[in-house]
Amino acid sequence: MTDLSAFPITKRWPAQHPDRLQLYSLPTPNGVKVSIMLEEIGLPYEPHTIDIGKNETWGPEFLSLNPNGKIPAIIDPDGPDGKPLGLFESGAILVYLAEKTGKFLPKDPARRYETMAWVFFQMAAVGPMFGQVGFFHKFAGKDYEDKRPRDRYVAESKRLLGVLETRLADRDWIMGDEYTIADIATLGWVRNLVGFYGAGDLVDYASLKHVPAWLERGLARPAVQRGLEIPKRP
Ligand SMILES: N[C@@H](CCC(=O)N[C@@H](CS)C(=O)NCC(=O)O)C(=O)O
């Protein structure tokens, strides 16, 4: 039986199945990247709901796994050399799971790096900018009188959607015929921007053609549909 007691997070969120990959998350745009990936690859895992509304990531147990206090994070009991591995940052987790299973990351070195570039594009640009639109349009920032911060993030998000629109003009997926971790990283953010954040009009989503078609293709995948609901909301 696998012993995960060296990970303090397992005291607060005990593993019923310590031999399975442990997921600490919530179905937010960053969280669902990992649950979608896990559903796609079919690796057995145990999801734990972390209630960020109750600041659960800021307790010592969660911080012991991710010092940055953010979901998602994982423990893989069967990490490199068969030893347990704790990991945070959704992009790193996607790359790790892709390499572990040989899925959703092209084998050809040049295409592999190109896929990584699009994953980094999501991590460094799409996520942070769309997230700020959420803050200034949907959450606390919406009451700020000065609309310049909101407008700045809206303009940048619109530009980023334009980059994706061009990329997808002659491709089904970000990497062409191949559905990869670049799509898995990005789908949830676009869905959230126009769905939960209600920012579709602000970024003129209706003027786009290829991004909405790509999003629809992604959301039609059964693993994506399942992953979007995992872990259960509190
Ligand atoms: N770069 C990180 C970002 C993670 C992140 O921002 N997670 C948010 C939810 S989407 C969170 O845990 N927020 C809780 C908080 O800040 O209190 C990643 O991609 O894993």
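Colleague: Where is D81 found?
Modeller: D81 sits in the loop between β3 and β4 (85-88). Its phi is near 60 degrees, a positive value in a residue other than glycine. Strands here are DSSP runs of E, at least two residues, and helices are runs of H or I, at least four, all numbered from the N terminus.

Colleague: What are the ground rules?
Modeller: This is a predicted model, where local features need pLDDT of at least 70, side-chain atom pairs count only at pLDDT 80 or more, and totals for chains, interfaces and linings use all residues. Residues are numbered from 1 along each chain as its sequence is written, and side-chain values use heavy atoms, with hydrogens and water left out.

Colleague: Which domains is the protein divided into?
Modeller: Domain 1 (9-103) and domain 2 (109-221). The bounds come from an automatic or database domain assignment. Their C-alpha centres lie 23 Å apart.

Colleague: How many Å² do domain 1 and domain 2 bury between them?
Modeller: About 1100 Å², 70% of it on carbon and sulfur atoms. Buried area is the accessible area (1.4 Å probe) that two parts lose on being put together, so the value is summed over both. P29, K33 and E40 supply 43% of the area that domain 1 buries against domain 2, more than any other three residues.

Colleague: Why is the pair R221 and E40 called a salt bridge?
Modeller: The rule wants a side-chain nitrogen of Lys or Arg within 4 Å of a carboxyl oxygen of Asp or Glu. The closest N and O atoms of R221 and E40 are 2.8 Å apart, so the pair qualifies. Across the interface of domain 1 and domain 2 the rule finds two salt bridges.

Colleague: What kind of peptide bond joins I71 and P72?
Modeller: A cis bond, with omega about 0 degrees. P72 lies in the loop between α3 (60-65) and β3 (73-76).
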